[in-house]
Amino acid sequence: MSLPARLLGANPSIQVSTLLSGSLSTPSAKGAKVPEFGDFSDAYETIATFTATSTTNQIQFSSIPQTYRHLHFRIVARGVPGANSSMVFYVNTSSSGTTNRSSARSNFTSSTQQIKSSTPQYMGMDMTATSPALTIWEGWCSGYTDSNTYKQFTWRMGSQNSDSNEFSYSSNFYGVTQDPITQLTFYHNSGPNNLAAGTMITMFGLK
Amino acid sequence: MPATYTLISTAEVTTAGTTNALSFSSIPSTYDSLELIGTIEHTSSGAGKITINNDSASNYFSRIDDAVGGSIYRYANTGSAGGPFTYPSATNTQSSTAFIKLLFTNYKDTNNHKVALFYYGQPTNATTKCLELAGIRYASTSAISTITIADNNVSTYLGTKTKLSLYGIVNS
């Protein structure tokens, strides 16, 4: 089931949904104006925030506004007990099996890479699954509105707990579509209903 | 409340085969920090570099962590002409774009060397992926007024998917 998006502020287009419980807000979107040199309008705006209030299947941002240059993400998350796998994401689709995703990830002790893989887009190493610990990420996507370019993401994450003790980076290539990014879906690599309450994702737009 | 994160300017390659560098010049001294974010498309393998204030002398020091092709490399540049910023195993396709981010926290300081954090991700669909992280020291007490991102080879052009944004951050 999908929760209806509760839309706030001046950004009626963005929708955030989850298959279980959570709250969301879309506090601001100040339009498509691109500041010129010397324009002191603020370029960094919150597009939407999702906070899980109970176990959550996936978190999806759809109808992402096309009025920014870059996207920025801040995430805290935890797996349900026993689920200390990676956070992963899809672009513009929730389907799996497409064999054109590549990534590099490293904790600078070891490094792995995937080449034209059908595996999910791993956002660094494993997250914790022990309450009340959390794992933190931040990430970027530049040029997400470009219509003829495969999209690049960069993530860094930190997790310090007995079941997940990592500081890692990943760089992800989404070679499935060159279309602008209008939808992003985050989920737990262990499968449905593995994101614990307290998981929070905020998506920012940079003008 | 004043704006804390402001777009200063953008730079992009609009015509293929015309330039191997993009620069931001006359950077205002009205911010506390600078952040450069963007996409780079390189058209051949090789190295890129960051130059500050058009200074080509050996004033760039860095500590670099690279994850390339499933291996880890850690090394230091001591007094090199240009910062870090490696382009490994690039291919001349649109899939060879890379993500770049630079954070300068004391760019207008005239008493100390300038420092920056550097992030670079080039996953692509080519054989070799790259992650690169670095701490950079520019050994000059001059304020930063120009930042240039370039291919190390002057005859290697940047592609038209190269788009950079420079932001100013105010500590308020």
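Buried here means under 20% relative accessible area, exposed means over 50%, and partly exposed is anything in between, worked out with a 1.4 Å probe on protein chains only. These close-ups come from a predicted model, in which local features need pLDDT of at least 70, side-chain atom pairs count only at pLDDT 80 or more, and totals for chains, interfaces and linings use all residues. Residues are numbered from 1 along each chain as its sequence is written, chains are lettered from A and ligands numbered from 1 in the order in which they are written, and side-chain values use heavy atoms, with hydrogens and water left out.

**View 1. Strand β13 of chain A is covered on both faces.** β13(A) spans residues 184-188, and five of its five residues are buried. (Strands are DSSP runs of E with at least two residues, helices are runs of H or I with at least four, and both are numbered from the N terminus.) A:Leu184, A:Phe186 and A:His188 sit on one side, with A:Thr185 and A:Tyr187 on the other. For A:Phe186, the relative accessible area comes out at 0%.

**View 2. β13(A) pairs with β4 and with β6.** Two strands count as paired if DSSP finds at least two bridges between them. With β4 of chain A (residues 58-62), the pairing is antiparallel over four bridges, and A:Phe61 stands opposite A:Leu184. With β6 of chain A (residues 87-91), five bridges do the joining, again in the antiparallel sense; here A:Met87 has A:His188 as its bridge partner.

**View 3. A:Tyr44 and A:Phe204 make a tilted ring pair.** Across all chains, the structure holds 18 aromatic pairs. Rings of Phe, Tyr and Trp (its six-membered ring) pair if their centres lie within 6.5 Å; planes under 30 degrees apart are stacked, over 60 edge-to-face, and the rest tilted. In this one the centres are 5.3 Å apart and the planes meet at 55 degrees, so it goes down as tilted. A:Tyr44 is in β3 and A:Phe204 in β14, 160 residues apart. A:Phe204 is buried at 11% relative accessible area.

**View 4. A:Phe61 and A:Phe186 meet edge-to-face.** Their ring centres are 6.2 Å apart, with the planes at 85 degrees. The pair links β4 to β13, 125 residues apart in the chain. A:Phe61 is buried, with 0% relative accessible area.

**View 5. Arginines sit over rings in chain A and chain B.** This counts when NZ of Lys or CZ of Arg is within 6 Å of the ring centre and within 35 degrees of the ring normal. A:Arg74 lies over the face of A:Phe204, 4.9 Å from the ring centre. In chain B, the charged end of B:Arg137 is 4.2 Å from the ring centre of B:Phe61.
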